Amino acid sequence: MNNPLSGWLHLKRSFVAAFEPQNDDKWTLVIRPKTGWFDLHLADLWRYRDLVMLFVRRDFVSQYKQTVLGPLWFIIQPLLTTLTYTVIFGSIARLSTDGLPKILFYLSGVTAWNYFADCLTKTSDTFAANASIFGKVYFPRLAVPVSIVLSNLIRFAIQLGLFLGFYFYFLARGAAIRPTMALWLMPLLIALMAALGLGTGIIVSSVTTRYRDLRYLVQFGVQLLMYSTPVIYPLSQLSDQYRWIMLSNPMTPVIETFRYAFLGTGTFSWGYLGVSAGVSALVLAGGILLFNHVEKTCMDTV
Amino acid sequence: MRVVIQVDCLSKEYRLGQIGGGRLVDDVNRWLAKLRGKEDPLSKIGSMTASQRPSASNTSVGNGAQPEVIWALQDVSFEVKQGEVLGIVGRNGAGKSTVLKILSRVTAPTRGEIRVKGRIASLLEVGTGFHPELTGRENIYLNGAILGMTKSEIRGKFDEIVAFSEVDQFIDTPVKRYSSGMYVRLAFAVAAHLEPEILIVDEVLAVGDSAFQKKCLGKMKDVAGEGRTILFVSHNMEAVRSLCQRGIWLKDGRLHNDGPADEIVEAYFDSISNQLSFVNSNLAYGLVIEKVMLKNSHGEESGQFRPGEDLIVEILYDAQKRLEKPYITLGVIGINGPCFTANMLLDGDVPEAMHGCGTIACRFKSIPLLPQNYTVKMAVRAKNGIDLIINYQDVACFSVVGDLADYGYKGEFLERASRYTPVVVPYEWRMPDGTSASVSLNRRPE
């Protein structure tokens, strides 16, 4: 609205400010309609790190309160999934596992996939699930998805422990598996899974503030994505005709490398992994930009 | 005193109606218009009056027929100095909460700018982020962190917080086992121990019992005494008056008045008694309430009454369809809550029907009220006694004026004490020495 009065007020204020320098430059906070896409306040997130850790604790503690088995569920869930896959895909459908023990093959896929999928689905409704808090108080909104990724990391560590249990058992029994130097890439793999899951999740959550429809697609999308990732069958089994579909999925090199690192079979390629890393970085950066852009006005549309 | 908050030409636009399905088309339209350098095709210039705003169920926003956008705030500018306690008053939908939301950074303004010096903590609600499964102790940390404290700050204040909340025995019990009183006390205790330079409070006092409200007010006074700046929104005019030095009155999204809190509250009350607009019709039932008038015993329309005078509430209606057995409820509400009611659901005196234009009136005989401001609420229900035809809402206001000394009141602290419980029935004290003293508002002054 081009109100002449407001323009005048503005002029007057700048004039007054010129004579009161102590009022002019020491504002600790300036609230403006829109800031640039690259004004990310990541320092704010660092200042609220205690909050992030408390969110992690809350998510972790509250999840299995009042359940009989408690944190055991962290182990039971991948175990049951693995057993199902072993029976259905391994024994009945007789899909190849690259010559690896079925349990190890599926468990490694499920463990890595779960971390990515949990990061994605749980961050994808950040705005809708936290509307009541976001509507009442300010803190860097990114604290919520970041805390989800961290609390999933704890879960992942526990499930990795389960995998290692089976791993050493099979190793001791002399199964045809061997750890490779690619184990050193584990931190990178975890970072890639986290970045991809978080990036995609916050993109979805940002878009769902306006278009709710996407929310219903997430579950289905993740499921679909899993079938285009070598979780239940190895990449080596695919004909070249379908291989590109698999390889265009940035999670594929991650899962394959994960398996290769521990079990010594699978496809490992610096090239594929590099592309995957590039895509993950882009997705995460894009996600943070979009999330940051949406967070200021999301409460008007959620 | 230095300025700590500078609000400059603040405007906020809200979209009306359903947001979601079908929005993609609008978004594309907006985007195309922007590309061609045209005005936003869906934006409407000028604001709507409060009565036109969509209130929950009464207004349906049709496609294209109604503006899709309203301005909740328009060019609001003001400054707040350090240590000032500023009250923001205004009717529902005047933009008070929007100002606080923008200041708390819960939402961004559409235009304008706010510059702030110092740390802001906002209390738009107590207990934000409390998780029922976590213990009191865990929730203190979580809630404190959400409000912007660091872990070590909370640790330093922990004992104080627990002591203030009076729940120390249950501090390691999940808060879902707490009574609602304990829950609110714990939540407020955390908030009260924030130490921001600027505190923003919205209607927090509306929760809890009166003892709790008093404790909140007391704590806020302490905070104000420490030289901190407070912005306070409340419908509790008494609280605004007693807590704030300065008041800002927002009206239809614009800054209407700015001045000492006493004057602003006074002026605000005068104005709402003059022009009270309410949702006065229900087309489904064909009922329109044309006017609600307050009259004194001489039959003159009035906004001021004396203690013990008669108050006549006259309702002018137009029932376009025949309305069988409409149950009417009237209530008189003081600053601190309901005083008394005339309710057909209770007394069963229901008119056979309302049809065409007519009047229905209720005479409250010798109102037992102390000098204060009051509002009259009204509801109309269908003959099943349940369905609301006209929602229970403010339809008129009046003030009771008079010098209590004329009625035999001679208390030394009368001024302060008269505000809390304004309804007085005749009563009689019997003293230890056997003498008695009777008190009644019906003793008319000569």
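Okay, hi everyone. Before anything else, this is a predicted model, where local features need pLDDT of at least 70, side-chain atom pairs count only at pLDDT 80 or more, and totals for chains, interfaces and linings use all residues. As for labels, residues are numbered from 1 along each chain as its sequence is written, while chains are lettered from A and ligands numbered from 1 in the order in which they are written.

So, how far do we trust chain B? pLDDT is the predictor's confidence in each residue, from 0 to 100. Chain B has a mean of 81, with 83% of its residues at 70 or more. Strand β14 (residues 327-334) of chain B comes out highest, at 93, and helix α1 (residues 23-35) of chain B lowest, at a mean of 67. Then look at residues 44-66 of chain B, where pLDDT stays under 50. Where pLDDT is low, the predicted coordinates should not be read in detail. For the complex, the predictor gives an ipTM of 0.81 and a pTM of 0.70.

Next, what is chain B built from? It has 10 helices and 20 strands; these are DSSP runs numbered from the N terminus, helices being H or I with at least four residues and strands E with at least two. Of its 446 residues, 34% count as buried, meaning 20 or more other C-beta atoms, placed from the backbone, lie within 10 Å of the residue's own.

Here's a sheet to find on your screen. Five strands of chain B make an open, mixed sheet in the order β12-β18-β17-β14-β15. Two strands pair if DSSP finds at least two bridges between them. β12 (304-305) and β15 (337-343) of chain B sit at the edges with a single partner strand each, so one side of each has no neighbour in the sheet. β12(B) runs parallel to β18 (residues 388-400) of chain B, joined by two bridges, and B:F305 has B:V400 as its bridge partner there.

Now, how do the chains meet?

Definitions and conventions. A residue is buried if 20 or more other C-beta atoms lie within 10 Å of its own, exposed if 12 or fewer, and partly exposed in between; C-beta atoms are placed from the backbone. Two residues are in contact if their C-beta atoms, placed from the backbone, lie within 7 Å.
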